[in-house]
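Hi,

Here is the structure we talked about passing on to you.

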Amino acid sequence: MIESLMQRLGVSEDAYRQGDYAVISPTDGGELGQIRLEGVDAVEARVARAQRAFEEWRRVPAPRRGELVRLFGEQLRRHKEDLGALVTLECGKIYQEGLGEVQEMIDICDLAVGQSRQLYGLTIASERPGHHMRESWHPLGPIGLITAFNFPVAPWAWNAALALVCGNSLLWKPSEKAPLTALGCQALLERAMAEFGDEAPEGLSQVILGDREAGERLADDPRVPLISATGSTRMGRELAPRVAARFGRSILELGGNNGMILAPSADLDMAVRAILFSAVGTAGQRCTSLRRLIVHESIRDEVVERVKKAYAGVTIGDPMEGNLVGPLIDAQAFEQMQSVLDQARQQGASVFGGERQLADQYPDGYYVTPAIVEVEQQDDLVKNETFAPILYVMSYRDFDEAMTLHNDVPQGLSSCIFTSDVRESEAFISDVGSDCGIANVNIGPSGAEIGGAFGGEKETGGGRESGSDIWKSYMRRQTNTVNYSRELPLAQGIKFD
Ligand code: NAD
């Protein structure tokens with residue numbers, strides 16, 4: 001299957017068959033390919049190429065740059081099923097979610113094409129006669145993109161589509177657990193570039209197949225003015241000071257610990273469906289997965305019962321075969337999950353589910369039953385993001401207590417409330433409500449649309465990507481003052497003669 005997918009996407013066999021680093025599919029532990037990981041010298045050469053490409057690309061008018069992104073979007077439409085299947089094979093998310101990721105790429109391309117005609121600044125009134133001021137936006141430079149295994153393609157596209165129309169070149173270091181999807185995207189973009197013609201310079205978009213060291217090299221390079229990095233809070237903690245030390249900018253999209261407040265007035269049918277999708281979907285390996293359910297004490301038993309029943313109906317298995325839950329990414333993720341569940345048991349929590357499944361059929365694939373852990377308080381275990389399907393359940397008495405529990409974690413990505421009480425829903429999204437970058441009402445925390453800015457506060461890193469006015473992050477802002485008079489008055493009325 002991998003051969004035919006790669007062929008249709010336009011990736012040559014050399015690119016994924018000739019290295020010594022094995023790419024493993026989490027679905028069955030089988031080998032998908034062998035790649036060559038690049039060292040720091042290769043990164044250096046790629047940055048130099050990206051710099052040259054940037055110098056040419058910034059001269060192409062922005063609406064023309066949008067045309068390249070439009071052609072890329074067309075390639076994605078044509079190869080949605082191929083790339084979606086590759087996401088499933090390489091990352092283990094179910095095929096429907098693989099397709100969903102590619103659809104997000106298509107959506108951001110559409111948005112970026114429109115944006116390419118709207119890279120506008122302001123005109124500003126000047127205090128000096130015969131002068132005007134304006135704000136203009138210029139291309140920034142080669143943009144460094146570092147991505148995580150669990151969303152191997154969409155976050156790259158959120159950045160790449162906008163960065164390209166803004167006149168920048170791209171350097172993408174994908175997760176070493178998901179390099180083949182990156183090669184697939186690059187091949188499709190190269191096809192779009194070939195169709196676009198000579199204006200797209202060589203080296204406009206490059207993939208760096210490397211590990212953490214390659215990411216660090218990119219982070220340290222002063223020729224890369226912006227690093228947009230998606231991954232764990234640990235990664236962000238290491239990367240951010242390196243970029244800041246050379247006064248580079250970073251967009252950080254890090255770990256989440258997303259909560260739902262479930263009020264007694266909520267529509268429980270809707271809430272249970274939302275819990276199921278957001279806690280169990282992608283086997284709990286979304287940055288926006290629901291990890292904490294804060295439920296009113298009066299409905300706790302009923303809700304837990306209903307969620308357990310819903311969990312029992314979930315099919316676990318091959319993500320290509322119409323199941324709802326695929327595998328964890330690897331053995332390490334499985335061991336981490338088991339260790340956290342053991343600690344929870346030792347602390348007296350009640351643990352439902354969490355067992356390994358299908359081990360006979362897939363000795364090297366790590367499938368698990370999603371777990372529900374009922375806790376009495378929100379301790380350090382709950383405050384940590386465990387990247388696996390574990391849903392902690394806690395109860396609350398009044399809304400203020402729920403809000404305090406909700407915000408009392410180090411992360412601040414996504415959040416939601418289910419309620420029919422308009423006072424509660426408005427309070428939840430008010431200045432004193434949820435402290436997250438995303439706050440939803442009567443909809444779960446996962447499954448964002450590209451129209452809104454995506455990202456979170458606190459240990460989630462503060463970055464925003466996709467939609468809204470995010471294009472400005474990929475440009476350099478300049479203030480211009482133009483004197484069209486025959487005098488040279490100074491600002492603030494200063495006399496200097
Ligand atoms: P990870 O942090 O292990 O790796 C992410 C990327 O960073 C990889 O490409 C890796 O090679 C690179 N990297 C690691 N250490 C680095 C360093 N010191 N310097 C430079 N690069 C480095 O994360 P993962 O396991 O691939 O992904 C799961 C994590 O990502 C979870 O915490 C999840 O919440 C988070 N995530 C966040 C978002 C978001 O938008 N907020 C989206 C997806 C995933």
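Below is what I found in it, going from the whole protein down to single residues.

Two things before you start. This is a predicted model, so to speak of local features we need pLDDT of at least 70, and side-chain atom pairs count only at pLDDT 80 or more, while totals for chains, interfaces and linings use all residues. Residues are numbered from 1 along each chain as its sequence is written.

**The whole protein**

The protein has 16 helices and 21 strands. Both are DSSP runs numbered from the N terminus: helices are H or I with at least four residues, strands are E with at least two. The radius of gyration is 24 Å, close to the 23 Å that the globule rule gives for 497 residues, so the protein is as compact as a globular protein of that length. (That radius is taken over C-alpha atoms, and the rule is 2.2 Å times the number of residues to the power 0.38.) Along the principal axes, the C-alpha trace spans about 80 × 60 × 35 Å.

Of the 497 residues, 52% are buried. Here "buried" is for a residue with 20 or more other C-beta atoms within 10 Å of its own, "exposed" is for 12 or fewer, and "partly exposed" is in between, with C-beta atoms placed from the backbone. Now take the contacts between residues at least 6 apart in sequence: 73% of them join residues at least 24 apart. A contact needs the two C-beta atoms, placed from the backbone, to lie within 7 Å.

**The seven-stranded sheet**

In which order do the 7 strands of the open sheet come? The order is β12-β15-β16-β11-β10-β18-β19, and the pairing is mixed. (Two strands pair if DSSP finds at least two bridges between them.) At the edges stand β12 (350–352) and β19 (438–441), each with a single partner strand, so one side of each has no neighbour in the sheet. From one strand to the next, the twist averages 20°. Angles run from 0 to 180 degrees between N-to-C directions, and axes are lines fitted to C-alpha atoms, for helices over the stretch in contact.

Let's walk along the sheet from β12:

- β12 and β15 run antiparallel and are joined by 3 bridges; Phe352 has Ile372 in β15 as its bridge partner.
- β15 and β16 run parallel, with 4 bridges, and Glu374 is opposite Val393 in β16.
- β10 (258–262) and β11 (290–296) pair in the parallel sense over 5 bridges, with Leu262 opposite Val295 in β11.
- β18 (414–418) pairs with β19 in the parallel sense over 4 bridges, and Ile417 has Val441 in β19 as its bridge partner.

Side chains in a regular strand alternate between the two faces of the sheet. In β19, Ile438 and Asn440 are on the covered face, while Ala439 and Val441 are on the uncovered one.

**The three-stranded sheet**

Another open sheet has 3 strands in the order β3-β4-β21, with antiparallel pairing. Its edge strands are β3 (123–124) and β21 (475–483), each pairing on one side only. Between β4 (131–139) and β21 there are 9 bridges, and His131 is opposite Asn483 in β21.

**Around the ligand**

Which residues come nearest to the ligand? Of the 30 around it, they are Ala148, Gly215, Gly231, Glu253 and Cys287. "Around" means that the C-beta atom, placed from the backbone, lies within 6 Å. This shell divides into 12 nonpolar, 10 polar and 8 charged residues. Nonpolar covers Ala, Val, Leu, Ile, Met, Phe, Trp, Tyr, Cys and Pro; charged covers Asp, Glu, Lys and Arg; the others, Gly among them, are polar.

The largest share of the shell, 4 residues, comes from α9. In α9, Ala214, Gly215, Arg217, Leu218 and Ala219 are buried. The buried residues of α9 pack against α3 (40–57), β5 (143–146), β6 (170–173), β8 (226–230) and α10.

**One residue to look up**

Find Val207, in strand β7 (205–207). Is Val207 buried or exposed? It is buried, with 22 other C-beta atoms within 10 Å. Leaving out residues up to four places away in sequence, Val207 touches Trp172, Pro174, Ala182, Leu183 and Gln186.

Cheers
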